[in-house]
Amino acid sequence: MPATCNEATEATSGPLEGVRVLDLSRVLAGPYCTMTLADMGADVIKVEHPTTGDETRTWGPPFAGEFSSYFLSVNRNKRSVGLDLSKTGGREAFLDLLTRSQILVENFRPSSRSKLQLDPDQIRKCNPGIVHCHFYAYTPEGPRSEYPGYDLSIQAESGLMSITGEPDGAPTKVGVALIDICAGVHAATAILAAILRRERTGQGEYIEIGLLDVAVASLVNIVQGHLVSGRRPLRYGNAHPSIVPYRDFQTKDQPMVVAAGNSHQWTALCAALDLESWGRDSSFATNDARVRNRQQVESRLQRVFREHPRTHWIESLRQAGVPAGPVNSIDEVLEDYPDLLFDIDLAPADRVSSVRSPLRLEQAPVGYRMPPPGLGEHTEDVLGTIAGYDEDKIAILRREGAIG
């Protein structure tokens, strides 16, 4: 049975135990970054506007109780504090938490950041040792610095959509906000590097993570191929521009993929398909030759694969050492790999499954300590235990609308 958030899922503390993160980010890139830190044991305090909160709380359906599935996916292991940073009391409460934190993560646009006095120099004056990570869509100094940037627009502008989709079809976005996720991973990596450096030098750090920067960097071999050849990259559907065979094929009943990435795997594939002569044919012996003869290779393989059901081919190819697998739906992959899930208890009678962290640390594994928080659920607890506010001060701030 899957472990749950309210059970002791790990015997040891996470590697980031004792590190406090003040998270002012919203939507996906920042929250994914801070959830990664939280899974590794960091105390993540999610600061939200006391009445509106993170907009992804409303991004549904589907919902599990009051929580959208979107919000659930990237906000576990966090505590929520409702602060209105535009009010004096909310601003002071934020600064009190900032001085007691090691990491700050935010994704405000330049004008909002200046209005709320969250510029790097102002943050550094308050806490010289802070590791401050700022997410932005476009270069902060550029003419589009104030433009909002959602993953879809970044996929379009970065060129990712231009290489995604069928050759004779329209440009297509990836089915998930992949650039936001990549940005979150890059940010977590940079933050951990800055924390390690601070241990040696005592100095804080300011980190900028740009969505467009991340998107273009994520094109790796595609953009490098363009820089080398000067040719505009094309769309290949599910095929690969530089490896053949490396794509989907239709079997007698269901689709599958085959990824023969080297000469040994090509020879093994030919043997498994009773096409040994192809393995020796100079027209197909090297990957370069197969790419040049792509249509002939792929069409011949497609005719062979249609002769038997998918299970037959996957079993045969895997036994031969050729990477192959089914084209699964989401429910099918979760049925095949139930250990990728754990349960979240949102209320005594409200339990929902969620996806585990992909990080597997042996000595200090990740843990699932808390379900995603309700808006402002931990305001009084955090301000009392961390900032030292008494009940009277908290009551005054609440009456002023500075907290929620």
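## Trp313 and the aromatic pairs

Trp313 is buried, with a relative accessible area of 4%; here buried means under 20% relative accessible area, exposed over 50%, and partly exposed in between, using a 1.4 Å probe and protein chains only. Phe305 is buried too, at 0%. The ring centres of Phe305 and Trp313 are 5.3 Å apart and their planes stand at 85°, so this pair is edge-to-face. For reference, rings of Phe, Tyr and Trp (its six-membered ring) pair if their centres lie within 6.5 Å, and planes under 30 degrees apart count as stacked, over 60 as edge-to-face and the rest as tilted.

The structure holds eight aromatic pairs. One of them joins Trp278 and Phe284, a stacked pair with 4.6 Å from centre to centre and 25° between the planes. Both Trp278 and Phe284 are buried. Elsewhere, Trp59, Tyr70 and Tyr150 form one aromatic cluster.

## About the model

What you see is a predicted model, in which local features need pLDDT of at least 70 and side-chain atom pairs count only at pLDDT 80 or more, while totals for chains, interfaces and linings use all residues. Residues are numbered from 1 along each chain as its sequence is written, and side-chain values use heavy atoms, with hydrogens and water left out.

## The protein as a whole

Let's step back for a wider view. The protein has 17 helices and 13 strands; these are DSSP runs numbered from the N terminus, with helices (H or I) of at least four residues and strands (E) of at least two. Its C-alpha trace spans about 85 × 50 × 45 Å along the principal axes. Of the 404 residues, 45% are buried. Among contacts with a separation of 6 or more, 69% are between residues 24 or more positions apart, where contact means heavy atoms within 4.5 Å.

The protein exposes about 20400 Å², and carbon and sulfur atoms supply 53% of that area, as computed by the Shrake-Rupley method with a 1.4 Å probe, where for residues only the protein chains shown count as cover. There are 41 positive and 52 negative charges, and their mean positions are 5 Å apart. Lys and Arg count as positive and Asp and Glu as negative, while His and the chain ends are not counted; the place of a charge is NZ of Lys, CZ of Arg, CG of Asp or CD of Glu.

## Charges over rings

Two spots bring a charge and a ring together. Lys393 lies over the face of Tyr389, at 4.0 Å from the ring centre. The charged end of Arg247 sits over the ring of Phe249, 5.8 Å from its centre. A charge sits over a ring if NZ of Lys or CZ of Arg is within 6 Å of the ring centre and within 35 degrees of the ring normal.

Helix H3 covers residues 88-98, and its buried residues are Gly89, Gly90, Arg91, Ala93, Phe94, Leu97 and Leu98. An α-helix has 3.6 residues a turn, so residues three or four places apart point the same way.

Gly159 counts as buried at 19% relative accessibility, and Leu160 is buried at 12%.

Leaving aside neighbours within four places in sequence, Leu160 is in contact with Gln155, Val174, Ile179 and Leu219. From Leu160 to Gly149 there are eleven residues in sequence and 15 Å in space, C-alpha to C-alpha. Gly159 and Asp96 are 63 residues apart along the chain, and their C-alpha atoms are separated by 43 Å.

The bond from Gly60 to Pro61 is cis, with omega near 5°, and Pro61 lies in the loop between strand E2 (43-48) and strand E3 (63-64). Val244 and Pro245 are also joined by a cis peptide bond, with omega about 0°; Pro245 lies in the loop between helix H9 (220-229) and strand E9 (246-250).

Val27 is not a glycine, yet it has a positive phi of about 75°. Val27 is found in the loop between E1 and helix H1 (29-39) and is buried, with a relative accessible area of 12%. Asp274 has a positive phi too, near 55°, and is found in the loop between helix H10 (263-272) and helix H11 (276-280). Asp274 is exposed, with a relative accessible area of 61%.
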